[in-house]
Amino acid sequence: MISILSSLTMARRALQAQQAAIQTTGHNIANANTPGYTRQRVDFSPSFPFSLGSAGSLGTGVDVKVVTRLRDLMLDSQFRDAHQALGQQEVEEATLAQIQRLVNEPSANGLGSAMSALFASFQDLANSPTDLSVRTVVRAKAQALADQFHRLDDGFERLKVDLNNEILVDVKQVNGLAQQIAGLNRQIAMAEGGGGTANDLRDQRDQALDEISKLVGGSVIEETGGQVRVTVGGGLTLVDGQTSVPLVAELFNASDPTYPDSARLFLGGNLLMPGGGRMAGLLKSRNSASGFVKGFQSQLDVMAKNLVLDINRLHASGIGLQGLTTLASENAVTGPAVALNAAGLPFTPVDGSFKVFVYDPSGAVTASGTILVSAGTTTLTDLAAAIGGVGGGLTATVGADNKLTITAPAGGTFTLAADTSDTLVALGLHGFFGGSDARTIAVSNSVQADVRTIAAATPNSTGAFSPGDNSNALALAGLQNDSTAITLPSGGITTFGAYLSGLVSDLAEQEAGAKRSVSLHTTMADFLTTRRDQSSGVSLDEEMTDLIRFQKAYEAAAHFTNVVNDLLGTLMNKLGS
Amino acid sequence: MRITSNAIFHQLTADINRAANRVFERQRQVASSQRMATASDDPIGAGLAVSLRESLAQLLQAQRNGDQVEARLQASQGVLTDFLSVLGDVKDLASRGVGGDMSSSDRQDLATQVNQKLEQLLTDANARSIDGYLFGGTQTTVAPFTAVRGVNGEITAVTANPLGTGIAGQVNAELPGGLRVVANVPGSTVFTSTPPQTVDIFPLLITVRDQLRAGNVAGVELNLTNLDTAVDQVRVVMADVGSRIGRIRDIQQRSQSDLLTLKGRLSMIEDADIAEASIEFQQAQIVYQAALSAASKVMQINIVDFLR
């Protein structure tokens with residue numbers, strides 16, 4: 001039969017079990033607001049019974065079997081998937097929103113209105129070609145347009161730097177988390193080595209895994225011994241057991257042959273392309289050649305380049321209120337003896353010709369010549385010799401800086417006209433703008449120095465010109481409606497205005513799409529957060545009722561102890577006396 | 001389903017945020033009276049607005065061009081009117097000079113008067129406005145006609161600037177709708193025999209003056225027809241200028257309705273409907289208040305309040 005003392009032991013175990021439950025309930029209440037905390041439950045089981053032979057068995061009370069974490073691992077993986085997608089979308093949306101704020105169209109003071117203002121000033125120039133104040137306004141409007149391009153280009157460059165910095169910060173975070181997970185793997189393996197589960201350590205690790213998946217995505221596999229393996233970017237190991245592989249970010253500049261103008265991640269020497277998370281969004285925002293920073297920046301460059309090309313083509317063959325006294329090319333060739341179409345010029349000359357006229361102080365033509373350009377053979381030295389050969393005292397020299405300088409005879413002037421070879425545009429001779437993209441576009445040196453050189457007029461075939469002639473100013477103004485003004489990289493053609501409005505629409509549509517995507521993923525992530533909160537989170541109402549339940553059980557167990565104590569007393573008193 | 005404190009808290013926060021966002025968005029629309037905060041609120045509208053703004057700026061500039069051209073042509077027309085009456089006077093003087101009752105000294109007087117008219121015509125031909133010489137063609141900074149004077153200071157000949165890069169040069173201007181008009185009255189069309197014109201006015205007047213002085217009645221009589229042709233020549237130019245002014249006014253008038261249409265379309269895209277936005281603002285406010293008050297009610301309830 002069973003000893004009465006074993007009843008006392010049973011009572012003690014019951015008290016201990018209820019107390020463990022009360023302790024766990026208290027632990028749950030204490031951690032009600034702890035992020036990543038999973039509610040715990042004490043699982044009881046009846047202890048091994050005492051066999052009574054044919055009479056069956058006699059219960060021996062309760063055992064604390066295990067303290068379990070009430071966590072749904074399926075929900076965890078769904079939660080991480082949703083959050084890594086959300087992390088990526090959020091970063092992409094934020095980048096696009098920044099680009100949109102930068103472009104700031106439609107507005108009364110953006111690129112579009114600066115461009116309209118320049119073309120309007122060309123019209124004013126056509127109305128009053130001899131008015132110096134109008135010419136000064138034209139120069140100011142050109143400067144304002146160049147400033148808009150610079151503002152945008154600077155903005156894009158700043159965005160790149162910001163994205164680089166964010167990538168570097170996130171890499172540090174990922175490495176910190178990976179080390180933390182490796183460390184927790186070790187602690188958990190040690191704690192669980194003797195059986196049981198290391199609940200609170202696992203909570204910590206789950207939270208680190210949540211964070212790391214928000215940053216770089218990836219997947220988590222639990223291996224034997226309670227350790228997890230984290231792989232990212234389709235199979236590259238970030239954490240394996242107790243070791244973590246450091247993630248490295250490298251920045252490449254525009255001249256890098258493999259990864260031009262980009263930021264890349266490497267893991268264990270392999271290029272890492274994260275499948276999700278903030279990092280995927282940051283890398284896409286930073287590196288993508290279509291859309292995002294580089295895409296829109298290059299679209300802007302295309303616009304600036306075509307603007308310079310179209311305006312300079314007309315301007316270089318026109319003439320201002322008087323001829324030029326001296327003119328230096330703004331774009332240097334790679335060498336004076338290199339053929340012009342291979343000399344690294346921003347625009348490529350083609351076969352053709354241009355004319356040179358030399359004027360005496362009264363404006364009468366004293367010498368003229370047609371310079372033939374064969375783009376594949378003519379060099380800058382050839383060009384200088386040909387221009388010098390026009391006569392009338394005109395000189396042309398190639399400087400040590402590989403630029404061409406043309407100087408009129410003393411007291412006289414000269415002009416260049418009827419260029420069919422794009423040589424003047426390519427070299428930057430008598431252009432309206434200098435530079436060739438959004439960063440370099442600027443009012444040309446000659447216009448900057450003297451607004452009278454703004455070419456509102458066109459010299460006729462013999463070189464004669466008059467100051468009231470506005471034909472070139474009208475042609476310049478007409479570029480605004482020129483449907484072939486921009487040649488797209490795809491080969492299409494369009495006007496400047498349509499190009500800009502297309503860019504704005506495109507950007508806005510991408511941003512709107514990103515916003516929709518963020519809102520969709522937010523709904524999904526919120527739903528899964530709530531689901532996880534519902535299964536793993538602490539409900540204070542529940543814990544309070546549990547507390548009462550365990551309190552009552554504890555009181556009952558204590559009462560039972562009293563009864564056993566009384567029984568023992570009875571035994572001692574009655575038998576002992 | 002288990003409802004946990006965190007789940008309630010997350011849900012409430014998300015709901016209140018959404019309601020607050022709606023209030024903020026409507027409030028922004030009402031306060032700024034702008035429909036779009038960013039282009040992404042209406043991508044197609046944003047692209048269209050960029051184009052419309054460009055068209056609007058272009059139209060306003062074209063209207064400015066039209067105003068300037070009209071002013072310039074009006075000024076030319078004014079000078080031409082004066083010119084025509086002077087030419088008429090010369091014709092009268094010449095007609096009187098061929099009368100048989102005229103003495104030689106009378107004809108000398110007439111010649112002197114014709115000379116005065118000639119001086120006046122030269123001044124008119126070199127009339128200036130803010131844009132330079134009105135009849136200078138494209139050479140607007142140098143007087144188009146220069147007098148060659150004899151020993152007594154009288155005009156013996158008038159030289160003109162070259163045709164191509166001077167008095168025959170046309171200056172164009174762009175008007176609304178991309179229409180081009182000739183914005184000046186080239187001096188060659190008024191004063192010289194450049195085709196389709198037939199009379200060189202200054203030499204004609206110089207000849208008439210000299211013929212009167214010399215008593216060459218037959219010569220003067222022959223030149224009366226030429227003077228008639230000269231008057232017609234100027235009249236035709238004036239009619240042309242007048243019709244150009246009329247055309248410009250028509251174009252400007254029509255562009256005014258284009259301007260209103262453009263502004264209307266831009267406003268439809270960019271401006272908020274204040275009445276609608278205000279009502280939506282009120283609604284959003286009510287929803288926000290409801291969300292807040294519901295939240296405060298839910299957060300108050302806890303089992304602890306009901307124990308003991």
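This briefing covers the contact between chains A and B and some backbone features of both chains. The model is predicted. In it, 51 residues of chain A are in contact with 48 residues of chain B. Most residues other than glycine have a negative phi, and most peptide bonds are trans; the backbone entries below concern departures from these patterns.

- On the side of chain A that touches chain B, at least two residues come from each of the helices H3 (111–127), H11 (471–478), H12 (496–536) and H13 (540–576) of chain A.
- H12(A) supplies the largest share of that side, with 19 residues.
- By class, the side of chain A that touches chain B comprises 25 polar, 18 nonpolar and eight charged residues.

**Loop between H2 and H3 of chain A**

- A:Glu105 and A:Pro106 are joined by a cis peptide bond, with omega about -5°.
- A:Pro106 lies in the loop between helix H2 (73–103) and H3 of chain A.
- A:Asn104 is placed in the loop between H2 and H3 of chain A, and its phi is positive, near 50°, although the residue is not glycine.
- A:Asn104 has 18 other C-beta atoms within 10 Å and is partly exposed.

**Loop between E17 and H9 of chain A**

- A:Ala418, a residue other than glycine, has a positive phi of about 50°, and its place is between strand E17 (413–417) and helix H9 (423–427) of chain A.
- A:Ala418 counts as partly exposed, with 17 C-beta neighbours inside 10 Å.

**Loop between H5 and H6 of chain B**

- In chain B, a cis peptide bond with omega about 10° joins B:Pro195 and B:Pro196.
- B:Pro196 is found in the loop between helix H5 (187–191) and helix H6 (201–214) of chain B.

Terms used:
Residues numbered from 1 in each chain as written. Chains lettered and ligands numbered in written order. Predicted model: local features only at pLDDT ≥ 70, side-chain atom pairs only at ≥ 80, totals over all residues. Contact = placed C-beta atoms within 7 Å. Helix = DSSP H or I, 4+ residues; strand = E, 2+ residues; numbered from the N terminus. Nonpolar A, V, L, I, M, F, W, Y, C, P; charged D, E, K, R; others polar. Buried ≥ 20, exposed ≤ 12 C-beta atoms within 10 Å, placed from the backbone.
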